[in-house]
Amino acid sequence: MNHHGNSSIRADALKSSHKDDAYMIKAEHGVNPVSQNANPYRQVSLMNQLDSGDAEIRPDLFPTLQNIVSTVNLNCELDLKKINANARNAEYNPKRFAAVIMRLRDPKTTALVFKSGKMVCTGAKSEDASLKAARRFARIIEKIGFNVKFKDFKIQNIVGSADVKFPIKLDELTRGSHSKFCQYEPELFPGLIYKMMNPKVVLLIFVSGKLVLTGAKTKDEINTAFKLIYHVLKECKKST
């Protein structure tokens with residue numbers, strides 16, 4: 001499958017016979033497959049419904065982080081044309097997008113740098129790597145000649161993926177106490193959308209047992225959401 005850019009990702013998703021994999025790739029790259037309306041219901045804490053023992057969950061099943069989005073304020077106004085002219089691996093087309101796009105090889109990340117001094121960093125695989133990349137981008141901009149201050153760094157979104165290694169009856173998940181947290185329209189999107197409220201994480205759940213988790217602010221939130229949903233999914237396991 002081609003991974004070079006969002007356009008090829010979308011094309012592969014349409015061509016792939018393995019639709020779960022294609023949609024997971026789109027989700028991991030930040031492509032929203034369907035619109036998501038706010039859930040009007042207050043979620044009952046899953047902690048009260050599920051077995052608290054985690055020993056039965058194999059360590060290798062826990063999610064792998066795929067993308068981290070962070071923001072930082074460089075606390076000064078920036079000349080984007082100057083940055084584009086002096087930074088390596090930078091591009092700027094103000095007619096298309098009002099930010100300079102900068103890239104690093106290590107850690108492999110992309111930054112969107114705005115005139116206001118605000119910066120968005122994407123592509124890191126860990127929280128530490130996201131912070132490291134943001135600091136490197138800030139130093140590059142500082143060396144070009146701007147009075148940069150590194151302020152208000154914040155993780156905005158963490159995306160992870162996992163595989164529970166068993167097939168799931170998605171229809172069964174839409175019934176009972178979990179129904180009001182589920183959105184499942186297989187004619188539009190092959191995955192079930194589960195909106196967990198505590199932690200506030202959205203899960204895309206596929207028949208194959210593959211999951212995408214998004215909306216978390218920390219790795220701990222990703223792991224907590226996985227622990228909770230794992231027990232729910234075991235109850236909806238397809239017999240083989």
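Predicted model: local features only at pLDDT ≥ 70, side-chain atom pairs only at ≥ 80, totals over all residues.
Local features were considered at pLDDT of at least 70 and side-chain atom pairs at pLDDT 80 or more, whereas totals for chains, interfaces and linings use all residues. Residues are numbered from 1 along each chain as its sequence is written, and side-chain values use heavy atoms, with hydrogens and water left out.

Secondary structure follows DSSP runs, numbered from the N terminus, with helices being H or I of at least four residues and strands being E of at least two. Helix α4 spans residues 127–144, and its 18 residues reach 26 Å from the first C-alpha to the last, close to the 26 Å expected at 1.5 Å a residue; the expected span is 1.5 Å times one less than the number of residues. The buried residues of the helix (under 20% relative accessible area, with exposed over 50% and partly exposed in between, for a 1.4 Å probe and protein chains only) are Ala-129, Ser-130, Ala-133, Ala-134, Phe-137, Ala-138, Ile-141 and Ile-144. An α-helix has 3.6 residues a turn, so residues three or four places apart point the same way. The cover over the buried residues of α4 includes β1 (64–73), α3 (80–86), β3 (99–105), β4 (108–114), β5 (118–124) and β6 (151–163). Just after α4, Gly-145 adopts a positive phi of about 125°.

Ser-70 is located in strand β1 and is buried, with a relative accessible area of 1%. The side chain of Ser-70 makes a polar contact with that of Ser-130 at 2.8 Å, where a polar contact is a pair of N or O atoms within 3.5 Å; within protein, one must be able to donate a hydrogen and the other to accept it, and residues adjacent in sequence count only if both atoms are side-chain atoms. Leaving aside residues up to four places away in sequence, Ser-70 touches (heavy atoms within 4.5 Å) Met-119, Val-120, Cys-121, Ser-130, Phe-153, Lys-154, Ile-155 and Gln-156.

Strands are taken to pair if DSSP finds at least two bridges between them. Strands β1 and β5 pair in the antiparallel sense over five bridges, and Val-120 in β5 is the bridge partner of Thr-71. Strands β4 and β5 also run antiparallel, joined by four bridges, with Thr-122 in β5 as the bridge partner of Thr-110. The hairpin of β4 and β5 has three residues between the strands, and Gly-117 in this hairpin takes a positive phi near 100°.

Rings of Phe, Tyr and Trp (its six-membered ring) were paired if their centres lie within 6.5 Å, with planes under 30 degrees apart counted as stacked, over 60 as edge-to-face and the rest as tilted. By this rule there are seven aromatic pairs. The rings of Phe-166 and Tyr-230 have centres 6.1 Å apart and planes at 65°, so this pair is edge-to-face. The pair links distant parts of the chain, 64 residues apart, with Phe-166 in the loop between β6 and α5 (170–173) and Tyr-230 in helix α6 (residues 219–235). Both Phe-166 and Tyr-230 are buried. Phe-189 and Phe-206 also form an edge-to-face pair, at 5.9 Å centre to centre and 70° between the planes. Phe-189 is buried at a relative accessible area of 3%, and Phe-206 is buried at 0%.
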